[in-house]
Amino acid sequence: MNAEASTVAPSLLRRNLNLTWAIAGSVGVHLALLLFFVGLSLFEPPKLPLSQKPVSAHLVRLGEQRDKSLLPRRQIQPPPPPKTVEVPGAKPVPIKVKDPRAVSKPDSKVQDRRKSLFDAFAKVDSKAKPEPEIGSPDGSPEGDSDTADEGEQYFGLILAKSRRYYNVSKAIPPNEIIRLKAVVVLYIDSRGDLIKDPAIETSSGNELFDSDVISSLKKAAPFGPPPKHLVDTLRTTGVAIEARP
Amino acid sequence: MRILAALLAVLGLAQPAFAADKERPVLSLSGANFRPLPLAIAPLLYPLPSANRQAGQEIDEALNQDLTVSGLFELLDRKGFLADPSEGVVATSIKFDRWQNVGAEGLIKVVLADQDPVTAEFHLFNAVTGKEELKKRYTGPASEARKLAHKFADDLFTFYTREPGAFQTRMAFVRKVKGTKQIFVADWDGKNAKPVTSGNLNLLPAFASDGQRLAFTSYNSATPGLFVLDLRSMKSAPLFKRSTALATGASFTQDGKRIAFAMSEEDGNSHIWISDADGGNLKRLTDGFGINTSPSFSPDGKQIAFVSNRAGNPQIYVIPSTGGAPRRITFQGNYNQTPDWSPRGDLIAFTARDERNVFDLFTVDPATSAITRLTQDQGNNEEPTFSPNGRLIAFASTRNGKSQLFVMSADGNFQRLVSGDEEIFTPAWGPFVP
């Protein structure tokens, strides 16, 4: 056996060994890839059930509970308060009001105590350092965030105004509404006016929804002057609005 | 390694392109308010003096009513229009900004020509984009001018909702005529009503899905019971020629091949039966004591909703159309009756008497038994019937004193009187016109 083995050239043996390693490596890589894709499919995000009805939640009103065996009633607005009817000839009843001048003199001891208290407060105030306002030098006096930069504030303003006018037609089929998404680009000048009519960049596929979005954004303009560092971007590149119902 | 390097190089090259895209800020807008689409119907145009203005007025009135009742459109008041009334119907000649300024998002223009037959051309424009979205031309006899408007209303409804409109359909109902009660068939809005029965007492009409057959309960002959009327030949025949039991309150399956009804028996009980449309293959579905009545097929024909007092008072039940155990689906109220299953299958409308002893309309979800009130504090509201697309419900209401035909959306909104001064009872909405 040893004699036979010695007849095989060592280089050939090495080649066979290399081939085995290559095959084993290849099988290993393929197995790893297979496992990777199987794992990936396991972690696939759950599909959105499009046929599922949207859930509407309501807060329960404070009040007496209705007997469950009775039919439901629609909640209606309470009737307006009855108008006061003026009877001709009836005299209004005079209301007695104290004379503001007839105020009794304050007690001198109470006055002294109050004065000393205010003096103490004044001393504390003069010692305390003024609290610096955290925010941005260009921030809005109505702003309540200390980290938002000016650009984001302006975009927030655009969205807030757009939402106010964001009306979508009921005529759009309910089964389509869940899937609709339109992208509209707005070009805004330094005064906050639209430079040109909003244009659909990506249609939702429903013309009525597209035109509802355009109409809402047109009504929402002007948005007010943008901050200086955004003027160029808003005029040349514009801002994209990704609208969903 | 080389391939990997090439891939990285490609990604590296692609990176600036992504970066360029990201320069444009993207804002996400959602939370829309859903509201009816504001539509403007421009005053009708009569380019020729020979045009039939009476027909034009009828078209205008019918189109206004159809679109308003749908609940999907808000028709703008013409008094506020800023555009020139003689403005043309070509998109380039229309000043859309004037229509937008009055809040219109859609613009309808109608041109009428000829005396009889009349020709009406309808144009629908998107007032925001200025694009003509729909153009239709119809011709018909002047006496049926309203039908041209109904046709366009259906086309417009389908254009927006991708569902068939129900404005060309018909309505059957009972009307008092000189001390008798007769079945009338009319347009969906109660117009053009014509009697289809004679005799003393004819009640409870129900259309077959072909729209050509109408079942009703008649007390005229020696053996009162169910009759089926052929609306083309206007000939009626009893469903069962030799039956001694009183059959009443029919409902056809959507394919028109089967019919369900209630039949009272000698022991005083009434049960739900099912048969072929010609009366063959008769089968009783309910048993036991009590009164079972007012069957209504589900859209797939597999189930039947009906009223039964087996629990002590009238409640709505559902039973498989092949037979089986009935399932009670209403548990609120103590007098629930006249169920009508929506063609969409998701709701059953019914009449219920509430604790104030007033009849009102409700819907119940047959799957969850969740009840929704549709009418309240406006007289007695009874006998709901769904439009064939399930969007609307017609019913009889006494809110104005006498029983009149009203229509509302399936959620109870946009309630409108559609019939004239005539008193009507038990409306039954017909199927789509083929």
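Visitor: How much of chain A is buried?
Guide: Of the 245 residues in chain A, 16% are buried.

Visitor: And its contacts, what share comes from residues 24 or more positions apart?
Guide: Taking the contacts in chain A with a separation of 6 or more, 69% are between residues 24 or more positions apart.

Visitor: Where is confidence lowest in chain A, and where is it highest?
Guide: The lowest is helix H1 (residues 2-7) of chain A, with a mean pLDDT of 49, and the highest is strand E2(A), at 93. Over the chain as a whole the average pLDDT is 75, and 60% of the residues score at least 70.

Visitor: What about residues 1-5 of chain A?
Guide: Their pLDDT stays under 50, and the model gives them zero contacts beyond four places in sequence. Where pLDDT is low, the predicted coordinates should not be read in detail.

Visitor: Back to E2(A). Which strand does it pair with?
Guide: Strand E2 (residues 182-186) of chain A pairs with E4(A), antiparallel, over five bridges. One of the bridge pairs is Leu186(A) with Val239(A) in E4(A).

Visitor: Which way do the side chains of E4(A) point?
Guide: They alternate along residues 239-243.

Visitor: What does E4(A) pair with in chain B?
Guide: E4(A) pairs with strand E1 (residues 26-29) of chain B, in the parallel sense, over four bridges. Within that pairing, Glu242(A) stands opposite Ser28(B).

Visitor: What holds paired strands together, in general?
Guide: Strands of a sheet pair through backbone hydrogen bonds, either parallel or antiparallel.

Visitor: Now chain B. How many helices and strands?
Guide: Chain B has four helices and 31 strands. Its C-alpha trace spans about 85 × 80 × 45 Å along the principal axes, and 44% of its 434 residues are buried.

Visitor: In what order do the five strands of the open sheet in chain B run?
Guide: The order is E4-E3-E5-E6-E7, with mixed pairing. Strand E4 (73-75) and strand E7 (131-140) of chain B each have a single partner strand, so one side of each has no neighbour in the sheet. From one strand to the next, the twist averages 25 degrees.

Visitor: How do E3(B) and E4(B) pair, parallel or antiparallel?
Guide: Parallel, over three bridges. Leu39(B) stands opposite Leu75(B) in E4(B).

Visitor: Last one: where is Asn52(B)?
Guide: Asn52(B) is in the loop between strand E3 (37-41) and helix H2 (53-69) of chain B.

Visitor: Why does Asn52(B) count as buried?
Guide: Asn52(B) has 21 C-beta neighbours inside 10 Å, and a residue is buried if there are 20 or more.

Visitor: Which residues is Asn52(B) in contact with, leaving aside those within four places in sequence?
Guide: Asn52(B) is in contact with Leu112(B), Asp114(B), Gln115(B), Asp116(B), Val118(B) and Ala142(B). As for Ala145(B), which is 93 residues away from Asn52(B) along the chain, the two C-alpha atoms are separated by 9.9 Å.

Note on methods:
Residues are numbered from 1 along each chain as its sequence is written. Chains are lettered from A and ligands numbered from 1 in the order in which they are written. Helices (H or I, at least four residues) and strands (E, at least two) are DSSP runs, numbered from the N terminus. A residue is buried if 20 or more other C-beta atoms lie within 10 Å of its own, exposed if 12 or fewer, and partly exposed in between; C-beta atoms are placed from the backbone. Two residues are in contact if their C-beta atoms, placed from the backbone, lie within 7 Å. Two strands pair if DSSP finds at least two bridges between them. Axes are lines fitted to C-alpha atoms, for helices over the stretch in contact, and angles run from 0 to 180 degrees between N-to-C directions. pLDDT is the predictor's confidence in each residue, from 0 to 100.
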